[in-house]
Amino acid sequence: MHHFQYVPKKQWSPFRNEIINLLHDVQNDLREKFTFQYRLIGSASHNMVTMDSTTNIGFDFDFNIIINNPELFPPKQFKEMLISRINKHSPKYGYNPAEDSTRVITIKVKDRKNSKILHSVDFAIVYDYTDDEGYDCQDYIHNDKHTGRYLWEEQPSGYYRLPDMIAFCKENDLWNNEVKTLYLQNKNSNNDPHKKSRSIFSQTLNTVCQRNGYSG
């Protein structure tokens, strides 16, 4: 059992602003090759940043890096260029070199003296488009560790339900009493160290919606 609690916005927002400054640095470096937008996503975008002060792992952020012209380069090249520029600029904000995982690029601020991760950031590389039937879609760069290939893959079907589930919870006054309460419970009961906050957030929304009659 963990002991996650919500972190006051005044405590985490300066770090969010530093990440945005880092992304601006990366944008400026790459704009002659390609351009991108960015967006804070997941629980942090709803002021639901959590931290377990009894552990050596601080709070985390999730950002989407949204490529404007995905046809310009292969997926692997996009990711390599972004990692290169993130590594160029992130040290001045206190971050360690980027880690390339299956779905994201991760950077961390570490307190080596006390063996602690103060906070971390996951960057997913995505692009948005409309399919032939007129539906809004999103692909992300997937690093297939088994084959070494980098591919654009469509988000799973549950991803597209998130905006409707969020709206349902807020319109039915479920956010503060149910979503935020259950999210903490799910964080505290999670024993999978590889399960990201964004997955727990999605799981929480799905549970609250289903037990309150959501039919989307």
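What is the volume of the second largest pocket? The answer is about 650 Å³. This is a predicted model. The largest pocket holds about 890 Å³ of space.

**Largest pocket**

- At least two lining residues come from each of β2 (36-41), β4 (57-67), β7 (116-130), β8 (136-144), α3 (162-171) and α5 (197-211).
- Helix α5 supplies the largest share of this lining, with 5 residues.
- By residue class, the lining of the largest pocket splits into 14 nonpolar, 13 polar and 9 charged.

**Second largest pocket**

- The second largest pocket, at about 650 Å³, is lined by 27 residues.
- Ile57, Asp60, Asp192, Pro193 and Lys195 lie closest to its centre.
- Elements that each give at least two residues to this lining are β3 (50-52), β4, β5 (99-100), β6 (104-111), β7 and α5.
- Strand β4 contributes the most here, with 4 residues.
- The lining of the second largest pocket divides into 6 nonpolar, 11 polar and 10 charged residues.

**Elements named in both linings**

- Strand β4 gives at least two residues to the lining of the largest pocket, and at least two to that of the second largest pocket.
- Strand β7 and helix α5 likewise each supply at least two residues to the largest pocket and at least two to the second largest pocket.

**Cysteines**

- A disulfide is a covalent bond between the sulfur atoms of two cysteines.
- For Cys169, the closest cysteine sulfur is that of Cys209, 3.7 Å away. The cut-off for a disulfide is 2.5 Å, so this pair is too far apart for a bond.
- Cys169 has 0% relative accessibility and therefore counts as buried.
- Cys137 is also buried, at 8% relative accessibility.

**Tyr38**

- Tyr38 sits in strand β2.
- Its relative accessibility is 26%, so Tyr38 counts as partly exposed.
- Beyond its neighbours within four places in sequence, Tyr38 contacts Ile20, Leu23, His24, Gln27, Phe63, Asn64 and Ile66.
- With His24, the contact includes a polar one between the two side chains, at 2.7 Å.
- Ile66 is 28 residues from Tyr38 in sequence, yet their C-alpha atoms are 5.6 Å apart in space.

Definitions and conventions
Residues numbered from 1 in each chain as written. Predicted model: local features only at pLDDT ≥ 70, side-chain atom pairs only at ≥ 80, totals over all residues. Heavy atoms only, no water. 1 Å grid on protein atoms, 1.4 Å probe; cavity = no way out; pocket = protein on both sides within 12 Å on 5 of 7 lines; lining within 4 Å. Points joined across faces, edges and corners; volume = space filled by probe spheres on them. Nonpolar A, V, L, I, M, F, W, Y, C, P; charged D, E, K, R; others polar. Buried < 20%, exposed > 50% of the residue type's maximum accessible area, 1.4 Å probe, protein only. Contact = heavy atoms within 4.5 Å. Polar contact = N/O pair within 3.5 Å; in protein donor to acceptor, adjacent residues only side chain to side chain.
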